[in-house]
Structure formats: structure tokens, C-alpha cells
Amino acid sequence: MFKINKEKCIACTQCIKDFPTSTISLKQDNAEINNENCIKCGHCIAICPVDAASTDDYNMDEVIPYDKNSFSVEADNLLNFIKYRRSVRKFKNKEIEKEKILKIIDAGRYTQTSTNSQDVSYTVVTDKLGELRDLAYESLRKKGEAILSNLTPETSHLERYDRMWIYSYEMYKKIRKKMVNYSSMPLLQYL
């Protein structure tokens, strides 16, 4: 539940102006949140200049006050990061630390979703990777074959991907025979 501390609120209306719906209103010289309409985006917490907004939906100790110097990213640096970022195609055959996995999931948790629906879930697989890999390639092959056998003018643009999925499966099967300990190797290493 999101709430406004009436003793801290200075009725500046920044939170009200920032919301496109009537989730927050001014009542008796204090902001008030209608939690039935609230999408729990946390914008009221981020924008409040006196830290009057809070929630019990997550740990408020994790909320870091905005500081222009430590939060800002130079536009050119960000653009270069985006331009030069590449997909990883070769993975090391080593276990990833649990703390790193949790940090990645946390980043995803704070990423924007439509109306803050947060209808995203994550499954971290650490055991039986070989079996998962087999299932993934097999399902891609089946999906590719099913689409290819039912191509229509509307789905013809998918033909290239279907053939690629089937080819990937065939190549994987050849490589799999050569693998000694395939169960611990990264799932996408041979895609």
C-alpha cells in the first residue's frame, strides 16, 4: 500500500501533476493516494521533494534519494554503450555467482512494464541443463516444422526462421554427440 506522511507533505502537488490519472489528489492540504487505482509504479516516491510518499510493498531502505551527480549518465556515453553493445555468442563453462544472477533479476524487476503490470517472471535453471537444452532444441525444431507445413501468405515471412530452427537442431544433434559433459555447458553456446 502506498501512503503519504501527512506531517511531511508540503502540498506542493508535484505528485498530482506527474500522474495522468486521478490516483493522487489534494485533500485538506495534503496529498492522498487512492490505492484502488494505484498501479504501484513508485513515481510518487521518486518525485516527492520531502520524502512524504512511501510504501510497504517493498523495503523503503532500498530507495536511494535522487542525486544528480551520481544518477546522471552522459548522453554520448549512453549512446556509445548502446551502439557498441553486442550479444554474447561464446560462453565460459563456469558457474555464475548467485549474487550476479540476483542483481540481473533485480534489474529486470525495476525495468518499466506497461502500466507497471510487472507480469514478468524468471526461472533460473542450474541443474539438468543438458535436458533443458535438448528440450529447447527439440521444441524449436517442432515449431519450425509445424509452421513450415502450414505456411500461408501471412506467415511466409517466418520461413527463414523456421528453417534456421530446424538447421540449428540438426547441428546441435551432431555437436551433442561430440560433447563429453554437455549437461553443464551453457544452453545457447551452440545456437
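This is a tutorial dialogue on reading a predicted model.

Student: Is the crossing of H6 and H7 left-handed or right-handed?

Tutor: The crossing of H6 past H7 is left-handed. On the H6 side, the residues making the contact include Arg 133, Tyr 137, Leu 140, Arg 141, Gly 144 and Leu 148. On the H7 side, they include Asp 162, Trp 165, Ile 166, Tyr 169, Tyr 172 and Arg 176.

Student: Next, the core. What is the general idea?

Tutor: In soluble globular proteins, nonpolar side chains tend to be buried together. Here the largest nonpolar core has 14 residues. Those with the most contacts inside this core are Phe 2, Ile 4, Ile 24, Ala 31, Ile 33, Cys 44 and Ala 53.

Student: Take Ile 4 as an example. Where does Ile 4 lie, and what does Ile 4 touch?

Tutor: Ile 4 lies in strand S1 and counts as buried because its relative accessibility is 12%. Leaving out residues up to four places away in sequence, Ile 4 touches Cys 9, Ala 31, Glu 32, Ile 33, Ala 52 and Ala 53. Ile 4 and Ala 53 are 49 residues apart along the chain, yet their C-alpha atoms are separated by 4.5 Å.

Student: And which residues does Cys 44 touch?

Tutor: With residues up to four places away in sequence not counted, Cys 44 touches Phe 2, Cys 15, Phe 19, Ile 24, Ile 33 and Ala 53.

Student: How many disulfides does a search of the whole structure find?

Tutor: A disulfide is a covalent bond between the sulfur atoms of two cysteines. The search of the whole structure finds zero.

Student: Which loop holds Thr 23, and what is in contact with Thr 23?

Tutor: Thr 23 is in the loop between helix H1 (14-18) and strand S2 (24-27). Thr 23 counts as buried because its relative accessibility is 6%. Apart from neighbours within four places in sequence, its contacts are Glu 32, Ile 33, Asn 34, Asn 37 and Cys 38.

Student: Last, backbone angles. What is the phi of Asp 51?

Tutor: Asp 51 is not a glycine, but has a positive phi of about 55 degrees. Asp 51 sits in the loop between H2 and strand S4 (53-55) and is partly exposed, with a relative accessible area of 48%.

Student: And Lys 128: what is its phi, and is Lys 128 buried or exposed?

Tutor: Lys 128 has a positive phi of about 55 degrees, although not a glycine. Lys 128 lies in the loop between helix H5 (98-110) and H6, and counts as exposed because its relative accessibility is 60%.

Notes:
Residues are numbered from 1 along each chain as its sequence is written. This is a predicted model: local features need pLDDT of at least 70, side-chain atom pairs count only at pLDDT 80 or more; totals for chains, interfaces and linings use all residues. Side-chain values use heavy atoms; hydrogens and water are left out. A crossing is left-handed if the near helix is turned anticlockwise from the far one by less than a right angle, and right-handed if clockwise. Helices (H or I, at least four residues) and strands (E, at least two) are DSSP runs, numbered from the N terminus. Contact means heavy atoms within 4.5 Å. A nonpolar core is a set of buried Ala, Val, Leu, Ile, Met, Phe, Trp, Tyr and Cys residues joined through side-chain atoms within 4.5 Å. Buried means under 20% relative accessible area, exposed over 50%, partly exposed in between (1.4 Å probe, protein chains only). A disulfide is a pair of cysteine sulfur atoms within 2.5 Å.
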